[in-house]
Amino acid sequence: MLRFIHAADLHFDRSFEGLKGLSEEAVHLLPERNRQMLDNLVATAIAKEVDFVLLAGDTFHQAKPSLKAQGALMEALQTLETAAIPVFLSFGNHDYYKAERYWFAFPSNVHLFTEARARSYDGVTSQKESYRISGFSYETAHLERGLVADFPSRGSETYAIGMYHGDPTASVYAPFSIGEMKAKGYDYWALGHIHVPTVLSEAPPIFYPGTPQGHSRKETAGGFVEYVELTPGSCRREALPVAAVFWREISFTANYSDRKQLLADLEQQLRSLAEDRALLV
């Protein structure tokens with residue numbers, strides 16, 4: 001069995017958007033939530049004892065990530081290195097790759113895709129099962145050429161996985177078709193770019209996990225990474241929460257002349273949301 005975490009679109013240096021009237025405490029805490037999400041992702045991978053982690057593009061929100069953001073990512077990757085968990089990382093349209101932007105060397109457990117052409121990494125699990133992971137990265141903010149044709153057809157490896165940051169409906173984000181992905185014969189396609197969890201195919205799985213940390217009110221479905229267990233011919237997926245704060249939307253019918261009653265009913269609605277998770281409502 002092959003076990004891995006599929007994550008994409010962390011955008012972990014992105015600010016939270018559309019928030020007004022926050023308390024001083026919230027203003028102080030929110031910038032740290034991004035780092036907490038990253039730590040949660042690492043802890044989840046270690047707890048699940050995965051064979052590797054896939055980060056399918058837009059780990060950073062900025063094309064020129066800050067020194068602080070780079071340092072935080074490297075610390076997280078080093079924690080996975082200590083746990084002997086490989087990481088396969090591609091760069092998307094937001095964080096497209098330029099080697100000169102990086103102040104740190106990536107840890108030895110990190111396998112980078114750095115070019116706008118498909119390449120592959122081969123590996124073997126502790127159970128002596130072989131795998132091949134193929135992917136690419138953006139080198140500019142737009143990539144108008146589809147790259148599925150450049151991916152190798154599966155060989156003799158036990159598991160073949162493709163990493164692909166793109167959009168089948170957008171001509172400037174590595175457009176692709178589900179049919180051409182299926183024709184490669186892969187066991188799993190780890191997609192990135194769409195921030196809402198989206199299944200394009202079940203057999204084989206062609207899947208967007210969504211953003212693991214929502215940063216705006218449009219991202220109420222975010223907050224998870226995908227834990228995957230592959231065996232030859234089958235796949236089990238489970239969405240695991242890693243966000244440090246989750247977005248929720250509530251609605252209720254209000255028809256009052258008494259504003260005090262309106263406020264009381266709204267407060268009751270908010271109390272009914274009581275969860276163990278931090279919420280932006």
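A: The answer below begins with the open sheet, turns to the salt bridges, and then sets both beside other parts of the chain.

The model is predicted. Its open sheet consists of six strands, arranged in the order β5-β6-β7-β8-β10-β9, and their pairing is mixed. The edges are held by β5 (119–124) and β9 (198–202); each of these has a single partner strand, so one side of each is left without a neighbour in the sheet. On average, neighbouring strands of this sheet are turned by 15° against each other, direction ignored. As a general rule, the strands of a sheet pair through backbone hydrogen bonds, either parallel or antiparallel.

Strand β7, residues 159–165, runs parallel to strand β8, residues 188–192, and five bridges join the two. Tyrosine 164 has leucine 191 in β8 as its bridge partner.

Aspartate 187 and arginine 154 form a salt bridge through their side chains, with a distance of 2.8 Å from N to O. This pair links distant parts of the chain: aspartate 187 lies in the loop between α3 (178–183) and β8, arginine 154 lies in the loop between β6 (130–135) and β7, and the two are 33 residues apart. Arginine 154, with a relative accessible area of 28%, is partly exposed.

A second salt bridge joins arginine 145 to aspartate 150, and the closest N and O atoms are 2.8 Å apart. Both partners are partly exposed: arginine 145 has a relative accessible area of 42%, and aspartate 150 has a relative accessibility of 36%.

Further salt bridges are found elsewhere, and the count comes to 12. One of them brings together the side chains of glutamate 238 and arginine 236, at 3.6 Å from N to O. Glutamate 238 is partly exposed at 28% relative accessible area, as is arginine 236 at 39%.

For context, another set of paired strands involves β1. Five bridges join β1 to β11, and these strands run antiparallel; leucine 2 has leucine 230 in β11 as its bridge partner. Four bridges join β1 to β2, which run parallel, and here isoleucine 5 stands opposite valine 53 in β2. Strand β1 is mostly covered, as five of its six residues are buried.

The largest nonpolar core has 33 residues, and those with the most contacts inside it are Leu10, Phe12, Val53, Leu55, Val87 and Phe106. Among the elements that each supply at least two residues of this core are β1 (2–7), β2 (52–56) and β11 (224–231). Helix α2 gives the most to the core, with seven residues. In soluble globular proteins, nonpolar side chains tend to be buried together.

Some nonpolar residues are instead part of the surface. Leu263, Leu266, Leu270 and Val281 make a nonpolar surface patch of about 330 Å². Leucine 263 has its place in helix α4, residues 259–271, and is partly exposed with a relative accessible area of 47%.

How values were computed: Residues numbered from 1 in each chain as written. Predicted model: local features only at pLDDT ≥ 70, side-chain atom pairs only at ≥ 80, totals over all residues. Heavy atoms only, no water. Pairing = 2+ DSSP bridges. Axes fitted to C-alpha atoms, helices over the stretch in contact; angles between N-to-C directions. Patch = residues over 30% accessible without salt bridge, like charges linked within 9 Å, V, L, I, M, F, W, Y side chains within 5 Å. Areas by Shrake-Rupley, 256 points an atom, 1.4 Å probe, with all protein chains shown as cover. Salt bridge = Lys/Arg side-chain N within 4 Å of Asp/Glu carboxyl O. Buried < 20%, exposed > 50% of the residue type's maximum accessible area, 1.4 Å probe, protein only. Core = buried A, V, L, I, M, F, W, Y, C linked by side-chain atoms within 4.5 Å.
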